[in-house]
Amino acid sequence: MHDELTKVDIKKMQEEIEYRRNILAPKLREEVRQARELGDLSENFEYHAARREMNKNAGRINYLQKMIDTAVVISPESKEDTIGLFDTVTL
């Protein structure tokens, strides 16, 4: 199944991926490193919470990338006698 996305949608997703890879991921890795230094990992809540957040971030990146890779790009423009994306209709 393909997602129908506009170029604007794809651009927003690419920006989110870039933010998550370049800003959020290093921050989360540092939190995991700091939590690991606290000691016993089997009972270290901070470590498990940091790992969970890091995995959620990686999952979101993969999800967005897959959506972009399988997307069908659609145009938001519509003909004069039809209703299209982003059109305002008054009844």
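**Close-up views of a predicted model**

**View 1. A35 sits in helix α1.** A35 has a relative accessible area of 4%. Is A35 buried or exposed? A35 is buried, because that 4% falls under the 20% cut-off. Now look for K79, which is 44 residues from A35 in sequence. How far apart are the two in space? From C-alpha to C-alpha, A35 and K79 are 57 Å apart.

**View 2. Helices α1 and α2 cross each other at roughly 160°.** Here we stay with α1, the helix that holds A35, and bring in α2, which covers residues 45-70. The axes of the two helices come within 9 Å. How do α1 and α2 run relative to each other? They are roughly antiparallel, because an angle over 145 degrees counts that way. The crossing of α1 and α2 is left-handed. Sorted by class, the residues in the contact of α1 with α2 are 15 nonpolar, 3 polar and 10 charged.

**View 3. Y63 is a tyrosine in helix α2.** Is this residue buried, exposed or partly exposed? Y63 counts as partly exposed, because its relative accessibility of 47% lies between the 20% and 50% cut-offs.

**View 4. T6 lies in the loop between β1 and α1.** To find your place, note that β1 spans residues 4-5 and α1 spans residues 7-36. T6 counts as buried, because its relative accessibility is 3%, under the 20% cut-off. Which residue does the side chain of T6 touch through a polar contact? The partner is D9, and the contact joins the two side chains at 3.1 Å.

**View 5. The predictor's confidence has a mean pLDDT of 88 for the protein.** For this last view, step back to the whole model. In the protein, 97% of the residues reach a pLDDT of 70 or more. Where is confidence lowest, and where is it highest? The lowest confidence is in β1, with a mean of 88, while the highest is in α1, at 95.

Note on methods: Residues are numbered from 1 along each chain as its sequence is written. This is a predicted model: local features need pLDDT of at least 70, side-chain atom pairs count only at pLDDT 80 or more; totals for chains, interfaces and linings use all residues. Side-chain values use heavy atoms; hydrogens and water are left out. Helices (H or I, at least four residues) and strands (E, at least two) are DSSP runs, numbered from the N terminus. Buried means under 20% relative accessible area, exposed over 50%, partly exposed in between (1.4 Å probe, protein chains only). A polar contact is a pair of N or O atoms within 3.5 Å; within protein, one must be able to donate a hydrogen and the other to accept it, and residues adjacent in sequence count only if both atoms are side-chain atoms. pLDDT is the predictor's confidence in each residue, from 0 to 100. Axes are lines fitted to C-alpha atoms, for helices over the stretch in contact, and angles run from 0 to 180 degrees between N-to-C directions. Angles under 35 degrees count as roughly parallel, over 145 as roughly antiparallel, 65 to 115 as roughly perpendicular and the rest as oblique. A crossing is left-handed if the near helix is turned anticlockwise from the far one by less than a right angle, and right-handed if clockwise. Ala, Val, Leu, Ile, Met, Phe, Trp, Tyr, Cys and Pro count as nonpolar, Asp, Glu, Lys and Arg as charged, and the others, Gly among them, as polar.
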